[in-house]
Amino acid sequence: DDIDDYHGLNQTPPLDSSGTDMPGYAGFNLSITVSQPGGGWNGTPAVDTRLIQIQVTNSAAEIFTYSAYRLNF
């Protein structure tokens with residue numbers, strides 16, 4: 001029911017919303033980390049801030065990392 005529920009998600013291969021392997025993604029890995037950065041972000045208190053990091057590893061072992069902040073007001 002909130003973004004923290006995705007912390008620790010690790011799928012090989014990635015799954016679609018119904019829990020089925022996504023076609024064409026054999027050998028891929030998806031992992032998600034959700035953390036509360038110390039000190040918050042841009043003036044927002046830490047308790048209301050989440051850093052979301054999504055890491056995708058492709059079949060050639062290349063790693064792509066995407067990061068975003070989510071604020072809870």
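Which residue of E3 is the bridge partner of Ile32? In E3, Ile32 has Ile54 as its bridge partner, and the legends below start from the sheet that holds this pair. The model is predicted, so that local features need pLDDT of at least 70 and side-chain atom pairs count only at pLDDT 80 or more, while totals for chains, interfaces and linings use all residues. Residues are numbered from 1 along each chain as its sequence is written, and side-chain values use heavy atoms, with hydrogens and water left out.

**View 1. The four-stranded sheet.** Four strands form an open sheet in the order E1-E2-E3-E4, with antiparallel pairing. The edge strands, each pairing on one side only, are strand E1 (10-11) and E4. Strands (E, at least two residues), like helices (H or I, at least four), are DSSP runs numbered from the N terminus, and two strands pair if DSSP finds at least two bridges between them. E1 and strand E2 (residues 29-35) are joined in the antiparallel sense by two bridges, E2 and E3 by seven bridges in the antiparallel sense, and E3 and E4 by nine bridges, again antiparallel. Arg50 stands opposite Arg70 in E4, and in the hairpin of E3 and E4, with five residues between the strands, Ala61 takes a positive phi near 65°.

**View 2. Leu30 in strand E2.** Leu30 lies in strand E2 and is the bridge partner there of Gln11. Leu30 is buried, at a relative accessible area of 18%, where buried means under 20%, exposed over 50% and partly exposed in between (1.4 Å probe, protein chains only). Because five of the seven residues of E2 are buried, the strand is largely enclosed by the rest of the structure. Leaving aside neighbours within four places in sequence, Leu30 is in contact (heavy atoms within 4.5 Å) with Leu9, Asn10, Gln11, Pro14, Ile54, Gln55 and Val56. From C-alpha to C-alpha, Leu30 and Asp48 are 25 Å apart in space, and they are 18 residues apart in sequence.

**View 3. Thr49 in strand E3.** Thr49 belongs to strand E3 (residues 49-57) and is buried, its relative accessible area being 0%. A polar atom of the Thr49 side chain lies 2.9 Å from the backbone oxygen of Pro45. With neighbours within four places in sequence left aside, the residues in contact with Thr49 include Trp41, Thr44, Tyr69 and Leu71.

**View 4. The largest pocket.** The largest pocket has a volume of about 150 Å³, and E3 and strand E4 (63-71) are the elements that give two or more residues to its lining. A pocket is an open set of points on a 1 Å grid over the protein atoms alone, with protein on both sides within 12 Å along at least five of seven lines, and lining residues have an atom within 4 Å of a point; the volume is the space filled by probe spheres set on the points, which are joined across faces, edges and corners. Among the lining residues are Asp2, Ile3, Asp4, Thr49, Arg50 and Arg70. The lining divides into three nonpolar, two polar and five charged residues, where Ala, Val, Leu, Ile, Met, Phe, Trp, Tyr, Cys and Pro count as nonpolar, Asp, Glu, Lys and Arg as charged, and the others, Gly among them, as polar.

Conventions: A polar contact is a pair of N or O atoms within 3.5 Å; within protein, one must be able to donate a hydrogen and the other to accept it, and residues adjacent in sequence count only if both atoms are side-chain atoms. On a 1 Å grid over the protein atoms alone, a cavity is a set of points where a 1.4 Å probe fits but cannot get out, and a pocket is an open set with protein on both sides within 12 Å along at least five of seven lines; lining residues have an atom within 4 Å of a point.
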